[in-house]
Amino acid sequence: MTEARATILVIEDEVEIRRFLRSSLGAEGYKVVEAAAARRGSIDAATHKPDLAIVDLGLPDFDGIEVIRRIREWS
């Protein structure tokens with residue numbers, strides 16, 4: 001069993017896109033943390049301290065750009 005290369009946070013409301021990214025990135029050895037909404041994604045970013053965040057710009061609760069701004073405030 002290999003260790004995960006890095007942690008990637010995927011903030012995406014489309015289930016199919018999250019499933020594809022989880023499968024593809026996981027197959028390459030990345031640990032994938034998923035969130036379906038901006039608020040949950042912001043919490044997961046603080047909790048998991050990902051190396052990379054892939055953020056949908058059109059999230060149901062607020063704009064993806066705002067998620068990025070919030071993460072940048074403390075990261």
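Modeller: Helices (H or I, at least four residues) and strands (E, at least two) are DSSP runs, numbered from the N terminus. The model is predicted, so local features need pLDDT of at least 70 and side-chain atom pairs count only at pLDDT 80 or more, while totals for chains, interfaces and linings use all residues. Residues are numbered from 1 along each chain as its sequence is written, and side-chain values use heavy atoms, with hydrogens and water left out.

Start with the helix pair. Arginine 40 and aspartate 44 both belong to helix 2, four residues apart, which is about one turn of the helix. Their side chains meet in a salt bridge at 2.9 Å, N to O; the term requires a side-chain nitrogen of Lys or Arg within 4 Å of a carboxyl oxygen of Asp or Glu. Aspartate 44 counts as buried at 6% relative accessibility, whereas arginine 40, at 44%, counts as partly exposed. Buried means under 20% relative accessible area, exposed over 50%, and partly exposed in between (1.4 Å probe, protein chains only).

The whole structure holds six salt bridges. Two of them involve glutamate 34. Arginine 18 meets the side chain of glutamate 34 at 3.3 Å, N to O. That bridge joins distant parts of the chain, with arginine 18 in helix 1 and glutamate 34 in strand 2, 16 residues apart. In the bridge between arginine 22 and glutamate 34, the closest N and O atoms are 2.9 Å apart. Because arginine 22 lies in helix 1 and glutamate 34 in strand 2, this pair ties together parts twelve residues apart in sequence. Arginine 18 is buried, with a relative accessible area of 14%. Glutamate 34 is partly exposed at 25%, as is arginine 22 at 37%.

Strand 1 and strand 2 pair over five bridges. Within this pairing, valine 10 has glutamate 34 as its bridge partner, and isoleucine 11 stands opposite alanine 35. Five of the five residues of strand 1 are buried, so the strand is largely enclosed by the rest of the structure. Thr7, Leu9 and Ile11 lie on one side and Ile8 and Val10 on the other.

Contact means heavy atoms within 4.5 Å; axes are lines fitted to C-alpha atoms, for helices over the stretch in contact, and angles run from 0 to 180 degrees between N-to-C directions.

Glutamate 12 sits in the loop between strand 1 (7-11) and helix 1 (15-27). Glutamate 12 is buried without a salt bridge, and the nearest side chain of opposite charge, arginine 18, is 6.3 Å away. For charge, Lys and Arg count as positive and Asp and Glu as negative; His and the chain ends are not counted. Leaving out residues up to four places away in sequence, glutamate 12 touches Ile17, Arg18, Ala35, Ala36, Asp56 and Leu59.

Terms used:
Two strands pair if DSSP finds at least two bridges between them.
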